[in-house]
Amino acid sequence: MAKRIDGKVISKQIKDELKEEVAQLKAKGIEGSLAVIQVGNDPASSVYVNNKKKACEYIGIGSISYELPEETTEAELLDIIEDLNKREDVCGILVQLPVPKHIDEDKIIQAISPKKDVDGFHPQSVGAMTIGEPGFLSCTPAGIIQLLKRSNIEIEGKHCVVIGRSNIVGKPMALLMLRENATVTIAHSKTKNLKELCKQADILIVAIGKPKFIDESYVKEGAVVIDVGIHRNEENKLCGDVDFEKVEPHTSAITPVPGGVGPMTIAMLMNNCVESMRGQK
Ligand code: GUN
């Protein structure tokens, strides 16, 4: 029987642990707020931003919200970030992506102080992760490591195939699995023998961005399957990159969509905020 990895339960565990820690930090006079900046009013971004603010409230840290108009200039956004970098009451700065096209995303990411880069997107954070130095970890990949560890799934020595090579998920995911002593293969849209490769995976992590792309023909019997995708199907229901009904019977453990990887991203964002409050990074 496949074990369903419940991201809702595990993310709540993490947030409850953080809530306790925030209370202890507050008792020592240590406080901090997360600054959340949204430029424009993309509805999906608004949902994510709201969930992030709600999570701050849940664990007991402040959130400072900037809802900026679509026309905001790059210079205006950089000024706000510069101010937030200096503020001692701000432990983290998050600019919700994507930003409007007239703003250079890389420039914005690089303007955020690495000490407040709770998304883990700054090149300094990425470099630190690559060589195993302290720094904020990208939230979705760090959340997947927590899902595996807290489900008692062994990573060391396992063959992990990651499908996807984005800066936010695929690349950091591969590095974190390597750090856990997995043998890692990165596959992507140009990979020739994708099915054969996936069939060799003990742990298959799918971030391909195509609804229900992975069926049972890609999965070794008894593999662990982690689905990073999130889409709405024709019936307006949420689904992932994996065809869950077809794949689940062939796995030893699998994440559903929704309720798998999704809730972990925000839990790890909160973890990064608390690490920043502790002054660890
Ligand atoms: N847009 C989609 N995912 C993310 C995320 O994890 N962080 C930010 N800042 N923007 C996003």
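In strand β8, Asp227 is the bridge partner of Val206. Helices (H or I, at least four residues) and strands (E, at least two) are DSSP runs, numbered from the N terminus. The model is predicted: local features need pLDDT of at least 70, side-chain atom pairs count only at pLDDT 80 or more, and totals for chains, interfaces and linings use all residues. Residues are numbered from 1 along each chain as its sequence is written.

Val206 belongs to β7, which covers residues 203–206. Ile203 and Ile205 point one way from this strand, Leu204 and Val206 point the other way, and all are buried. A residue is buried if 20 or more other C-beta atoms lie within 10 Å of its own, exposed if 12 or fewer, and partly exposed in between, with C-beta atoms placed from the backbone. Two strands pair if DSSP finds at least two bridges between them. The pairings of β7 are listed here.

| Pair | Residues of the partner | Sense | Bridges |
|---|---|---|---|
| β5 with β7 | β5: residues 159–163 | parallel | four bridges |
| β7 with β8 | β8: residues 223–227 | parallel | four bridges |

**Domains and record**

The protein chain is divided into domain 1 (30–114) and domain 2 (139–262), with bounds that come from an automatic or database domain assignment. Their C-alpha centres lie 29 Å apart. An unreviewed UniProt entry lists residues 138–279 as "domain: Tetrahydrofolate dehydrogenase/cyclohydrolase NAD(P)-binding"; such annotations may be inferred rather than shown by experiment, feature names are shortened, and positions are given in the numbering used here. Over residues 138–279 the chain is 34% helix and 19% strand, and the end C-alpha atoms are 18 Å apart.

**Ligand surroundings**

Around the ligand stand Leu94, Val95, Gln96, Leu97, Asp119, Cys139 and Thr265, where near means that the C-beta atom, placed from the backbone, lies within 6 Å. By class, this shell has four nonpolar, two polar and one charged residues. Ala, Val, Leu, Ile, Met, Phe, Trp, Tyr, Cys and Pro count as nonpolar, Asp, Glu, Lys and Arg as charged, and the others, Gly among them, as polar.

**Thr73**

Thr73 is in the loop between β3 (62–68) and α3 (74–86). Thr73 counts as exposed because it has 12 C-beta neighbours inside 10 Å. Its C-alpha atom is separated by 9.5 Å from that of Pro100, 27 residues apart along the chain.

**Confidence**

The protein chain averages a pLDDT of 97, and 99% of the residues score at least 70; pLDDT is the predictor's confidence in each residue, from 0 to 100. The model scores ipTM 0.95 and pTM 0.96.
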